[in-house]
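User: Hey, I'm new to this one. Please walk me through it.

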Amino acid sequence: MKQFPTTFSVLITIAALACLQLVPPTYASEKSVLESKVDAFLKVGDYDRAFKLVNSFLQEQSDTPIGHTMLERVITAGSGFLNAADRKRALKLIDGYIQEYPAKPIGRAMMVRVLAADGQTDRAFTEYYRFYKLSETISSELLIEIVRGAISHSDNGVVIAAAETVEHLGDRGAVPALINVFNDMRRSILISDLMQIISVTSALGSLGDKRATPALIKGFKLYASEDEHVVFVWGPAATALGRLGDKSVVPYLIEALNNGNVEDPRNIVEALGELEDERASFILYQILKDSESYEQVRAALALAKVGGKFYKEQSVTALIEILNDDASNAQGRAAEALAEIGDERGVAALIDALNNNRNVSRGSAAQIRLGEKGDTRAVPFLIDILNSRYNNTVRWQVAQVLGELKDKRAVPALIRALSSDGGMISNKHMNKIHMMMSGMVQLRAAEALAKLSDERGVPHLMTALNDGDDDMRGNAAVALAELGDASIAPKLVEILGGDESIGLKFWAAEALVKLSR
């Protein structure tokens with residue numbers, strides 16, 4: 001028999017090996033089937049069925065890597081959409097994963113996601129601490145998931161902290177959860193829920209997501225039911241609608257004013273001003289002509305934003321008249337409104353009143369608002385307030401505005417505020433509050449100095465972060481994060497994993513997210 005050439009034999013061997021490679025092993029087959037089914041469920045958003053498939057697979061083959069891979073994929077994609085029973089099963093599976101792979105951060109990350117979705121906020125923060133220790137990575141996504149999950153927490157204080165945090169972070173992904181809370185609360189509002197509904201509604205307005213508009217309109221219209229507690233909904237809801245800028249709500253707001261059944265229309269007037277819709281011009285002009293003092297000021301401010309040149313001139317003229325009337329009890333509010341409008345004629349009148357030490361100079365809101373508008377003409381007046389024995393609740397706001405203006409003229413006053421606990425004590429029983437607000441003055445002064453590139457403020461912020469009360473520590477953490485000081489990250493993570501208050505943990509989470517951006 002003729003022998004095959006050696007070269008031909010080698011080719012046959014290679015071909016045989018290639019054929020063997022084409023036959024998929026059991027593992028590859030399992031991977032293909034499981035992965036394709038899970039991906040199909042995830043693609044259509046059916047997270048529960050995707051999880052149930054992975055759960056069944058792991059019950060039979062707990063040590064197969066593909067099962068763990070698919071578990072990671074499902075939890076990462078849709079932990080927030082799993083039902084309560086599935087979340088409970090998921091926690092058990094993840095715990096098994098962690099036992100098997102204790103050094104892998106992904107296990108802790110999965111645990112954080114499921115605990116966050118389940119509203120177990122404190123435990124989720126603790127697991128985040130463990131995740132960070134393994135990965136040494138700030139995951140803003142995980143922290144935001146914890147905060148979003150806390151919005152549906154059973155404790156009002158936790159919900160308030162969560163709503164404020166998503167508002168500060170501008171997290172629009174939290175809007176659906178906020179809407180759910182708003183819808184649930186407006187059906188049965190208790191006095192104890194007041195701060196919660198205000199925080200949630202404020203967040204919905206500030207985040208600027210128009211998905212919230214239908215719910216807010218319904219909440220606003222509930223005022224007609226005359227429920228004694230529903231009154232707490234319509235005011236914040238009107239304000240939020242104005243912030244959202246959805247002009248479809250204007251007819252509802254005008255109707256509420258025309259009906260005359262609103263005892264305190266200020267939120268509606270302010271909302272109409274924020275919406276800047278000319279349809280509101282007539283009703284606001286009528287309020288301006290027919291009202292007195294504070295209501296007239298509020299209507300003038302709104303009308304200046306809403307109307308054309310004629311209405312703006314009428315508004316500014318009315319406000320200047322109130323400003324120059326020393327017998328009016330609305331001088332301070334008129335000054336603030338003129339600063340808010342920013343019309344040069346009105347601002348000139350305001351500056352003249354301040355320079356001539358008119359009664360309005362005793363106020364502070366106008367100077368602060370002028371500074372917030374970025375007008376550096378406010379700087380000398382703000383420095384005077386900071387240097388004075390003024391109420392500390394005002395002085396800390398002034399220090400903050402001076403930091404935003406970044407005017408070097410403020411440095412000496414800020415250094416003086418940093419080293420002094422000055423300020424006015426209006427009541428002998430208010431010493432504790434006085435000291436607390438004095439600390440806030442020092443904190444804001446330190447933050448302002450840092451923004452002015454003066455390093456003398458940073459050590460004070462560090463001291464406040466380590467030794468202050470919870471509010472001081474939280475504010476210091478956020479200030480340092482906004483300054484980009486990454487050295488505080490380990491300290492913030494320690495707060496999340498320790499026995500600190502839940503409020504301070506939200507401050508720390510906010511600071512960490514800002515650091516990672």
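Analyst: One definition before the details: Ala, Val, Leu, Ile, Met, Phe, Trp, Tyr, Cys and Pro count as nonpolar, Asp, Glu, Lys and Arg as charged, and the others, Gly among them, as polar. This is a predicted model, where local features need pLDDT of at least 70 and side-chain atom pairs count only at pLDDT 80 or more, while totals for chains, interfaces and linings use all residues. Residues are numbered from 1 along each chain as its sequence is written, and side-chain values use heavy atoms, with hydrogens and water left out.

User: OK, what's the volume of the second largest pocket?

Analyst: The second largest pocket holds about 490 Å³. A pocket here is an open set of points on a 1 Å grid over the protein atoms alone where a 1.4 Å probe fits, with protein on both sides within 12 Å along at least five of seven lines; lining residues have an atom within 4 Å of a point. The volume is the space filled by probe spheres set on the points.

User: And which residues of its lining lie nearest the centre?

Analyst: Of the 24 lining residues, those are Glu270, Leu301, Glu336, Glu340 and Arg369. The lining of this second largest pocket has eight nonpolar, five polar and 11 charged residues.

User: How about the largest pocket, what's its volume and what lines it?

Analyst: The largest pocket comes to about 670 Å³. Its lining has 27 residues, with Gly80, Arg148, Gly149, Ser152 and Ala177 nearest the centre. H10 contributes the most, six residues. By class, the lining of the largest pocket splits into 10 nonpolar, 11 polar and six charged residues.

User: Switching to helix packing. How do H7 and H8 sit, parallel or antiparallel?

Analyst: Helix H7 (residues 121-135) packs on H8 at about 175°, with the axes 10 Å apart; axes are lines fitted to C-alpha atoms over the stretch in contact, and angles run from 0 to 180 degrees between N-to-C directions. H7 and H8 are therefore roughly antiparallel, a label for angles over 145 degrees, while under 35 is roughly parallel, 65 to 115 roughly perpendicular and the rest oblique. Contact (heavy atoms within 4.5 Å) involves Thr121, Ala124, Phe125, Tyr128 and Phe131 of H7 and Leu142, Leu143, Ile146 and Ala150 of H8. Those residues are eight nonpolar, one polar and no charged.

User: And what angle do H22 and H24 make?

Analyst: Helix H22 (residues 379-387) and helix H24 (residues 411-418) pack at about 20°, axes 10 Å apart, so they run roughly parallel. On the H22 side, Ile383, Leu386 and Asn387 make the contact, and on the H24 side Ala413, Leu414, Arg416 and Ala417. That is five nonpolar, one polar and one charged.

User: Last one: which classes make up the contact of H28 with H29?

Analyst: Helix H28 (residues 489-497) and helix H29 (residues 502-516) pack at about 145°, with axes 9 Å apart. Leu492 and Val493 of H28 are among the contact residues, as are Ala508 and Leu512 of H29. The contact of H28 with H29 has 11 nonpolar, no polar and one charged residues.

Key
Helix = DSSP H or I, 4+ residues; strand = E, 2+ residues; numbered from the N terminus.
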